[in-house]
Amino acid sequence: MTARAFPHGPAPVESLAALVGRTPLVRLRRIGADLPGVSIYAKCEFANPGGSVKDRAALRMIEAALAGGRFGPGRTLVDSTSGNTGVAYAWICAALGLRCALVVPGNVSAARKRIAKAFGAELVFSDPLEGSDGAIRKVRELVAAEPGRFFYPDQYGNAENPRAHELGTAVEIAEALDGRVAAFVAGIGTGGTVMGTSRGLRTLAPGVRCYAVEPAEPIHGLEGLKHMASSIVPPIYREQELDGKLSIATADGVAMAERLGREEGLRVGHSAGAAVAGALEIARRLAEGGRRGNVVTVLPDRADRYFEPLRWERRIEW
Ligand SMILES: Cc1ncc(COP(=O)(O)O)c(C=O)c1O
């Protein structure tokens, strides 16, 4: 490429997919300000083009499948998520000219259906009474019936999911802080973010301690996060590699998300609130032990993704 006459702004890109990653790392100015010598930094994953951390894993799984010949114009990506991963699959496929189908329980919210449709993804409905497990079963049936027609990324078992964070998120954090990271804290959905980033940071920020955040209750409102004891543990999640796990109550995650809006100007989702509540707990432990350093956490998405009531909330009202 020839040198640009005005090199200061971002260079043009060939596809929106090229803009995944390189998200801002912001120091929290008020939350944790009472802890001497400890700073909390938040990785703003809502700044990805699809609005969430899942853009990283989805892009890497898609690119690996394209390179390996498991996906391409003749096939359809199929998976059973209507959440952030579904949005990520749908827009990346649209941006790269590929086909995408999302299998969702028949009763998902109109907002979720609209998001998928806006990116041209096909929606396949599974039995609403069987919930997300029914959607997973339906995907497996579709793929088993016509294996040559589909690419099934299976984010819970796909090593490219944590690798996106090991080679991306971790490198960006270590570079931004010159390798000075005392602790890393992130929520567990598939476990991709916490496992991959922790793996990367262990070599780039020696001495770092890594912690997962999970909801304290089996039935919770921290969408995107998994309560491990009552869930099928994702194959990519290896708790023994981490230094600990923090349980955060839904009410505390929600309260911290509201605080982030009011005190830091960060209007983020509830799982981000839970992650920051966990980071604050670790920062407190560091300060109480007389230690100094940077605690880094991840803000997976923005609050506006949750503005429409979700179907399960309405079901409670019934
Ligand atoms: C809102 C939200 N928070 C956190 C996560 C956790 O991400 P991961 O799947 O990398 O563990 C997800 C992803 O499922 C999410 O959608």
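Let's start with the cysteines: counting a disulfide as a pair of cysteine sulfur atoms within 2.5 Å, the total here is zero disulfides. Cys 44 is in no disulfide, and the nearest cysteine sulfur to it, that of Cys 210, is 19 Å away. Cys 210 is likewise in no disulfide, with the sulfur of Cys 44 as its nearest at 19 Å. For background, a disulfide is a covalent bond between the sulfur atoms of two cysteines.

A word on what you're looking at: this is a predicted model, where local features need pLDDT of at least 70 and side-chain atom pairs count only at pLDDT 80 or more, while totals for chains, interfaces and linings use all residues. Residues are numbered from 1 along each chain as its sequence is written, and side-chain values use heavy atoms, with hydrogens and water left out.

Are those cysteines buried or exposed? Buried means under 20% relative accessible area, exposed over 50%, and partly exposed in between (1.4 Å probe, protein chains only). Cys 44 has a relative accessible area of 3%, so it is buried. Cys 210 sits at 0%, so it counts as buried.

Now for the helices, which are DSSP runs (H or I, at least four residues; strands are E, at least two) numbered from the N terminus. Two packed helices are described by the angle between their axes and the distance between the axes. The axes are lines fitted to C-alpha atoms, for helices over the stretch in contact, and angles run from 0 to 180 degrees between N-to-C directions. Angles under 35 degrees count as roughly parallel, over 145 as roughly antiparallel, 65 to 115 as roughly perpendicular and the rest as oblique.

Take helix H7 (residues 250–264) and helix H8 (residues 270–288): their axes are 7 Å apart, at an angle of about 95°. That is why H7 is roughly perpendicular to H8. With contact meaning heavy atoms within 4.5 Å, the residues involved include Val 254 and Leu 260 of H7 and Ala 277 and Leu 280 of H8.

The axes of helix H1 (residues 54–67) and helix H5 (residues 160–176) come within 8 Å and cross at roughly 125°. So H1 is oblique to H5. Among the residues making this contact are Arg 60 and Met 61 of H1 and His 165 and Leu 167 of H5.

Finally, where is Ala 159? Look in the loop between strand S6 (150–151) and H5. Ala 159 is partly exposed, because its relative accessibility is 38%.
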